[in-house]
Amino acid sequence: MLQGPPSKTVYVAADGSIQYENQRVTPEQLAILLSQAVRNYPETSVQLKPDAKVEYQPLSSVLVAIQQSGARFHGLGNASYQMPTTRR
């Protein structure tokens with residue numbers, strides 16, 4: 001059975017920190033990582049899951065990073081979630 005294009009999830013915590021694939025990243029790092037994913041799978045899509053209390057600026061930075069990467073923006077996820085534990 002063929003798999004569809006990968007879907008990535010980006011979390012933004014209330015404090016504005018960004019998490020991608022269980023690691024804390026900057027908007028710049030996110031753009032690079034998503035660009036790499038798009039190079040491997042051009043149909044890569046991204047779902048954004050922001051905390052309900054996150055301010056606009058960090059969220060805006062993530063949206064810009066997604067746009068710069070060339071990934072498809074799949075939409076906003078449910079804001080009531082538990083942010084995954086990060087690896088340090």
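**Close-up views of a predicted model**

**View 1. G70 sits in the loop between α2 and β5 (72–76).** Helices (H or I, at least four residues) and strands (E, at least two) are DSSP runs, numbered from the N terminus. This is a predicted model, where local features need pLDDT of at least 70, side-chain atom pairs count only at pLDDT 80 or more, and totals for chains, interfaces and linings use all residues. Residues are numbered from 1 along each chain as its sequence is written, and side-chain values use heavy atoms, leaving out hydrogens and water. G70 counts as partly exposed because its relative accessibility is 45% (buried is under 20% relative accessible area, exposed over 50%, partly exposed in between; 1.4 Å probe, protein chains only). From the C-alpha of G70 to that of S45 is 9.2 Å, with the two residues 25 apart along the chain.

**View 2. Here β1 (residues 7–12) runs parallel to β4 (residues 45–50), joined by six bridges.** Two strands pair if DSSP finds at least two bridges between them. Look for Y11: its bridge partner in β4 is K49.

**View 3. β1 also pairs with β2 (residues 18–20), this time antiparallel, over three bridges.** V12 has I18 as its bridge partner in β2. Five residues lie between the strands of this hairpin, and G16 in the turn has a positive phi of about 90°.

**View 4. Meet the largest nonpolar core, with 18 residues.** Such a core is a set of buried Ala, Val, Leu, Ile, Met, Phe, Trp, Tyr and Cys residues joined through side-chain atoms within 4.5 Å. V10, Y20, L30 and V62 have the most contacts inside this core. α1 gives the most to it, five residues.
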